[in-house]
Structure formats: structure tokens, C-alpha cells
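Let me put it up on the screen.

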Amino acid sequence: GLINSHKIEFVIDLGARETLLTKNRFAKMDDHLFSIIDKEKTITGIDGKTSNAFVISVPEFRLSNYKFENQQIVISDIAALQSYGLQNTSALLGMNFFNRFDAVEIDFSKKILSLWK
């Protein structure tokens, strides 16, 4: 997918409440188009540990052939991505993204994501 013009490999995490991007990856984007919505957010990871975070709004968010505007993304250090060495390239695509659709189909063999509203 793309966050603005930045290529991101999204890991679908249906157990994550929110879409998450690491602070390290966010710092590399250097994009003045992001607006900060919440400067002081605390999240709890799968390991039960809390960490400080902040929430941004992304003007343009693309996933496959779909385009979305003003997607909210939490910026924080994410143990799940770090443990797999994905903190520099990937983001977690969480339920705050999927909850807007009536149906979601993932065809793993063809690598196709279909979304219905």
C-alpha cells in the first residue's frame, strides 16, 4: 500500500484495534502533509506492555486498488513488528480500518483483497 507517496507493506492484524506505524518508519517519511490528531495516546501491545504514541491523519491512503482519505494511524513502537524485523518497512492494518466495511474477502493464493461497503 501507500501512505501518501510512501510505500508500506501492511500486515493484516485483526487483533489490533488500530492501524499502527512505527515511530522509526514514520520519521523516515518526512512528510508535512500529516496532521497530528492526538499527541498523547497510550497503547498496550500484545506483550501487555504500554507505550507512548500519537495519532496522525493521513491525507491519502492507498491499499491495492482502493483509495481512502483522512485515515487515522497510530504512531508508536510496535513489539510485534520489531520481533519480526519489520519495523522499517511495515505497518499493522488494524480493525479501525476494516470496521468501515460490510464485508472483507482475502484471497491468499491470488493475493487479492476485496472490500465491500
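Before I get to the rings, a quick definition: I call two rings of Phe, Tyr or Trp a pair if their centres lie within 6.5 Å. Planes under 30 degrees apart count as stacked, over 60 as edge-to-face, and the rest as tilted. And please keep in mind that this is a predicted model.

With that in hand, here's a cluster: Phe10, Phe61, Tyr66, Phe68, Phe97, Phe98 and Phe101 belong together as one aromatic group.

Let me show you two of them.

Take Phe26 and Phe54: their ring centres are 5.6 Å apart with 70° between the planes, an edge-to-face pair. Phe26 sits in helix H1, residues 23–29, while Phe54 belongs to strand E6, residues 50–63, so this contact ties together parts that are 28 residues apart in sequence. Are these two buried or exposed? Phe26 is buried, at 19% relative accessible area, and Phe54 is buried too, at 18%.

Next up, Phe68 and Phe101. Here the centres are 5.9 Å apart and the planes meet at 70°, so this pair is edge-to-face. Again, distant parts of the chain get linked: Phe68 is in strand E7, residues 66–75, and Phe101 is in the loop between helix H3 (95–98) and strand E9 (103–107), 33 residues away. Phe68 counts as buried, with 11% relative accessibility, and Phe101 is buried at 13%.

What sits over its ring? That's the charged end of Arg100, 5.1 Å from the ring centre.

Now back to E6, the strand that carries Phe54. Strand E5, residues 35–44, runs antiparallel to E6, and seven bridges join the two. Together E5 and E6 make a hairpin with five residues between them. In that turn, look for Gly48, which has a positive phi of about 85°.

Last stop, the surface. Which residues make the nonpolar patch here? Ile12, Leu14, Val104, Ile106 and Phe108 do, and the patch covers about 470 Å². Val104 lies in strand E9, and with 35% relative accessible area it is partly exposed.

Definitions and conventions
Residues numbered from 1 in each chain as written. Predicted model: local features only at pLDDT ≥ 70, side-chain atom pairs only at ≥ 80, totals over all residues. Heavy atoms only, no water. Phe/Tyr/Trp six-rings, centres within 6.5 Å; stacked < 30°, edge-to-face > 60°. Helix = DSSP H or I, 4+ residues; strand = E, 2+ residues; numbered from the N terminus. Buried < 20%, exposed > 50% of the residue type's maximum accessible area, 1.4 Å probe, protein only. Lys NZ or Arg CZ within 6 Å of the ring centre and 35° of its normal. Pairing = 2+ DSSP bridges. Patch = residues over 30% accessible without salt bridge, like charges linked within 9 Å, V, L, I, M, F, W, Y side chains within 5 Å. Areas by Shrake-Rupley, 256 points an atom, 1.4 Å probe, with all protein chains shown as cover. Salt bridge = Lys/Arg side-chain N within 4 Å of Asp/Glu carboxyl O.
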